[in-house]
Amino acid sequence: MSDIRTCGIVCPTDWVPLPVLPSDDVKGWAKATAAQLSERAKAAGYEVDKRAVRKDLRAKAEDSRSREPFYAFALYPDGFDTSLATLEVDLIHPDTTVPQITLEWLADTFSAHDFGPPQITHTELSIGRAVCIRQNFAADGAPAGGSGILLETITYGVVPTGAESALVLLMSWRVPGIADEMEKAADDIVRTLSVEF
């Protein structure tokens, strides 16, 4: 068995890579990226509020950085000044408490029962076996006294063939009515994962 040295992923162009390293200049990145997204939207025939985009980009980046993922992306389709979804990829390494990472351990660890049992399926990817967990959570930030906000998620836990570590891909969104599109996007993106030992 080998340890994963690095992993790769390919996302469509409307998934914006977020700066997750402590040394990254989030403020400068958000300003430059908001300008790029504004130009892209304009070329597609849309007008967006560049300040709103910049503020949303900074918020998404800071939120992802708090979890220290290996990669993070936010979905900004043309014409939207706020992100529709977030995608994070992380490496999970075995340690003394979990000496061997299995699909069963991934399914158990990343499952919750906030709104009933999660939907768990198994699949084969080109890099190895995977478990897919579809579930919903009560999201943070619900207005006081108001109805809660639903956070919908898809989590893929992948144990690459010959690896000791695992990859975890988490896609989440709060916008109602886009679950089918997000599930297809997650399925397409997870199939682009690659690893090097």
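Analyst: Strand β4 gives the largest share of the lining of the largest pocket, with seven residues. Bear in mind that this is a predicted model. The volume of that pocket comes to about 740 Å³. There are 31 lining residues, and D63, R67, L151, L170 and S172 are the closest to the centre. If you go by elements, those giving two or more residues to the lining are α2 (50–65), β4 (85–92), β6 (128–138), β7 (150–160) and β8 (166–173). Sorted by class, the lining has 16 nonpolar residues, plus eight charged and seven polar ones.

Now for the sheet. Seven strands make up an open sheet with antiparallel pairing, and their order is β2-β3-β4-β8-β7-β6-β5. At the edges you'll find β2 (15–17) and β5 (119–125); each has a single partner strand, so one side of each has no neighbour in the sheet. From one strand to the next, the twist averages 20°.

Back to β4, this time looking at its pairing. Strand β3 (residues 71–75) runs antiparallel to β4, and four bridges join the two. Within this pair, A74 sits opposite T86 of β4. As a reminder, strands in a sheet pair through backbone hydrogen bonds, and they can do that either parallel or antiparallel. Helix α2 comes in here too: the helix lies across β2, β3 and β4, and runs at about 25° to β4.

You'll find C7 in strand β1 (residues 6–8). Who touches C7, once you set aside neighbours within four places in sequence? The contacts are F70, Y71, V89, L167, S194 and V195. Take Y71 from that list: C7 and Y71 are 64 residues apart in sequence, yet 9.4 Å apart in space, C-alpha to C-alpha.

Is S38 buried or exposed? S38 has a relative accessible area of 14%, and because buried means under 20%, this serine is buried. Leaving out residues up to four places away in sequence, S38 touches V48 and K50.

Terms used
Residues are numbered from 1 along each chain as its sequence is written. This is a predicted model: local features need pLDDT of at least 70, side-chain atom pairs count only at pLDDT 80 or more; totals for chains, interfaces and linings use all residues. Side-chain values use heavy atoms; hydrogens and water are left out. Buried means under 20% relative accessible area, exposed over 50%, partly exposed in between (1.4 Å probe, protein chains only). Contact means heavy atoms within 4.5 Å. On a 1 Å grid over the protein atoms alone, a cavity is a set of points where a 1.4 Å probe fits but cannot get out, and a pocket is an open set with protein on both sides within 12 Å along at least five of seven lines; lining residues have an atom within 4 Å of a point. Grid points are joined across faces, edges and corners, and a volume is the space filled by probe spheres set on the points. Ala, Val, Leu, Ile, Met, Phe, Trp, Tyr, Cys and Pro count as nonpolar, Asp, Glu, Lys and Arg as charged, and the others, Gly among them, as polar. Two strands pair if DSSP finds at least two bridges between them. Axes are lines fitted to C-alpha atoms, for helices over the stretch in contact, and angles run from 0 to 180 degrees between N-to-C directions.
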